[in-house]
Amino acid sequence: MKFTTYRFAALIAAGALALSGTASAAALDQFKSFVASTKAAKGEFTQQQLTKSKSGKAAPVSSGSFVFARPGKFIWTYQKPYEQLLQADGETLYIYDKDLNQVSTRKLGNALGSSPAAILFGSNDLEKNFTLSEAGERDGAEWLTAVPKTKDTTFEQIGIGLKGGVPVAMELKDQFGQVSLLKFTSFQRNPALGAQQFKFEVPKGADVVNQ
């Protein structure tokens, strides 16, 4: 079942979030420093749905790699348990499902700027869409809690865990009470990236669906 991968695809394409309140100096300083100084990054991730489905079964853990360059350019690759690619060139989001050999495309528009994905991939003007509140220390990281400024959102709140000046985890809670946890490892800030790094090439024989 590809619920977790499609869930993050929807998050990037349309989810609207924000961050509110007064953050602790440690967490807020780390977050602002990260946003201001990180123009690009790459690393690996795992993604897990913490809440069980109606059948009582836990969704499988997804894993893969990512690379991004602000604003709005990224490659988010799911490798396990299903192969799927989310790629954006700053204007268009491409979602490639290898099993279906199908590419879905959509304009990024303003969706990225108000979604959780903007924390990693968006512009530096995050406080326009986000307000931050302290969530304390947990699992060795300083956490921020994010609450939407607008009611027209997909998510109720998001948690951001920072350690050593970079995000190490994101916890996403949607309107249905479902919670997903993303953990980041091998995080490299401002790596050298090629000029054509984010240009998407449609795989041979793939169907293309514009949304």
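Is glutamate 83 buried, partly exposed or exposed? Its relative accessible area is 40%, so glutamate 83 counts as partly exposed. The scale runs as follows: buried is under 20% relative accessible area, exposed is over 50%, and partly exposed lies in between (1.4 Å probe, protein chains only).

Some ground rules come next. This is a predicted model, in which local features need pLDDT of at least 70, side-chain atom pairs count only at pLDDT 80 or more, and totals for chains, interfaces and linings use all residues. Residues are numbered from 1 along each chain as its sequence is written, and side-chain values use heavy atoms, with hydrogens and water left out.

Start with the charges. There are three salt bridges in the structure. The term requires a side-chain nitrogen of Lys or Arg within 4 Å of a carboxyl oxygen of Asp or Glu. Glutamate 83 meets lysine 98 in one of them, at 3.3 Å from N to O. These partners are 15 residues apart: glutamate 83 sits in the loop between β3 and β4, and lysine 98 in the loop between β5 and β6. Lysine 98 is partly exposed, at 44%. Helices and strands here are DSSP runs numbered from the N terminus (helices H or I, at least four residues; strands E, at least two).

Strand β10 (residues 166-174) holds glutamate 171, the partner of arginine 138 in strand β7 (residues 132-138), so this pair ties together parts 33 residues apart in sequence. Glutamate 156 lies in strand β9 (residues 155-163), and lysine 173 in strand β10.

Now turn to the rings. The structure holds 11 aromatic pairs. Rings of Phe, Tyr and Trp (its six-membered ring) pair if their centres lie within 6.5 Å; planes under 30 degrees apart are stacked, over 60 edge-to-face, and the rest tilted. Phenylalanine 66 and phenylalanine 184 have centres 5.6 Å apart and planes at 75 degrees, so they are edge-to-face. The pair links strand β2 (residues 62-69) to strand β11 (residues 179-189), across 118 residues. Phenylalanine 66 is buried at 3%, and phenylalanine 184 is buried at 6%.

Phenylalanine 74 and phenylalanine 121 are stacked, at 4.2 Å centre to centre and 20 degrees between the planes. Strand β3 (residues 73-80) carries phenylalanine 74, while helix α3 (residues 118-121) carries phenylalanine 121. Phenylalanine 74 has a relative accessible area of 0%, and phenylalanine 121 is likewise at 0%. One aromatic cluster includes Phe66, Phe74, Phe121 and Phe184.

Finish with the cores. A nonpolar core is a set of buried Ala, Val, Leu, Ile, Met, Phe, Trp, Tyr and Cys residues joined through side-chain atoms within 4.5 Å. The largest has 36 residues; among those touching the most other members are Phe74, Phe184 and Phe187. Helix α2 (residues 25-37) gives this core its largest share, five residues. A second, separate core has 11 residues, including Val67 and Phe198.
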